[in-house]
Amino acid sequence: TVELNQALLALDWLLGTWESDEPGEGNFPSIKPFHYIETLNFSHVGQPVINFTFKAFHAETKKPMHRECGFIRMQPGTNRVAFIIAQNSGLVEIEEGDLTGQQLNLQSQAVARTSFAREPYVQKISRVIQLRSDGRLEQSVSMATDNQPLMQHLHITYSRSS
Ligand code: HEM
């Protein structure tokens with residue numbers, strides 16, 4: 001196995017596979033609240049990049065739902081982190097923010113979509129990913145659309161599975 005690139009040592013706590021320990025909660029003013037389960041994987045091949053996949057499933061039927069994959073980079077010598085993300089819905093985004101301890105506070109810097117994306121369009125995304133003192137990982141995602149100001153869409157916790 002390859003050693004984690006120096007540039008990413010501050011993010012070593014993310015690496016591995018995480019499974020939601022209880023169903024996550026999905027909400028937004030314009031939709032019916034829902035539950036989901038999710039598996040996250042963060043890996044690397046020695047480059048100054050972490051590769052990730054987020055796979056969400058229906059909490060009861062286990063049918064595949066939302067998916068994201070992408071790359072994480074850090075600005076050398078700083079606590080500045082960038083997530084480069086593609087979503088199966090046709091959305092792509094760059095999120096940037098600061099790493100403070102084991103908490104990432106990210107805001108979308110760029111959002112783009114397919115020409116035939118369904119409305120309302122996502123205008124802004126912010127997310128917090130943190131390792132809690134109980135060893136669980138927690139993710140909250142907020143979004144703003146054409147119709148709604150920035151508001152929480154997702155909240156979920158995970159425990160490490162490998
Ligand atoms: C609805 C965006 C992640 C499940 C929506 C809507 C948007 C959206 C724009 C429609 C809101 C409206 O009509 O006003 C996003 C973004 C995500 C994300 C940007 C990630 C950053 C997820 C995840 C799940 C999920 C992980 C888990 C299964 C749903 C469901 C709905 C929904 C069930 C309602 C039904 C539907 O419109 O398909 N999402 N979503 N989303 N989202 Fe997400």
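Predicted model: local features only at pLDDT ≥ 70, side-chain atom pairs only at ≥ 80, totals over all residues.
Biologist: What radius of gyration does the protein have, and what would a compact globule have?

Modeller: Along the principal axes, the C-alpha atoms fill a box of roughly 45 × 30 × 25 Å. For 162 residues, a compact globule would come out near 15 Å, and the protein agrees with that, at 16 Å.

Biologist: Which residues have the most contacts inside the largest nonpolar core?

Modeller: Across the protein, 22% of the 162 residues count as buried. The largest nonpolar core has 17 residues. Strands E4 (50–58), E5, E6 (80–87), E8 (103–113) and E11 each give two or more residues to this core. Inside it, the residues with the most contacts are Ile72 and Tyr158.

Biologist: Is Val49 buried, exposed or partly exposed, and why?

Modeller: Val49 sits in the loop between E3 and E4. Beyond four places in sequence, Val49 touches His44, Phe71, Ile72 and Arg73. A residue needs 20 or more other C-beta atoms within 10 Å to be buried, and 12 or fewer make it exposed. Val49 has 17 C-beta neighbours inside 10 Å, so Val49 counts as partly exposed.

Biologist: How far apart in space are Val49 and Arg127?

Modeller: In sequence, Val49 and Arg127 are 78 residues apart. From C-alpha to C-alpha, their separation in space is 19 Å.

Biologist: Which element gives the largest share of the shell around the ligand?

Modeller: There are 20 residues around the ligand, and Ser30, Tyr36, Ala56, Met65 and His66 come nearest. Two or more residues each come from strands E3 (34–43), E5 (64–74), E9 (122–131), E10 (137–145) and E11 (151–160). The largest share is 3 residues, and it comes from E10.

Biologist: How many residues of that shell are nonpolar, polar and charged?

Modeller: Met65 and His66 are among the residues that come nearest to the ligand. The whole shell divides into 13 nonpolar, 7 polar and no charged residues.

Methods
Residues numbered from 1 in each chain as written. Near = placed C-beta within 6 Å. Helix = DSSP H or I, 4+ residues; strand = E, 2+ residues; numbered from the N terminus. Nonpolar A, V, L, I, M, F, W, Y, C, P; charged D, E, K, R; others polar. Rg over C-alpha atoms; globule rule 2.2 N^0.38 Å. Core = buried A, V, L, I, M, F, W, Y, C linked by C-beta atoms within 7 Å. Contact = placed C-beta atoms within 7 Å.
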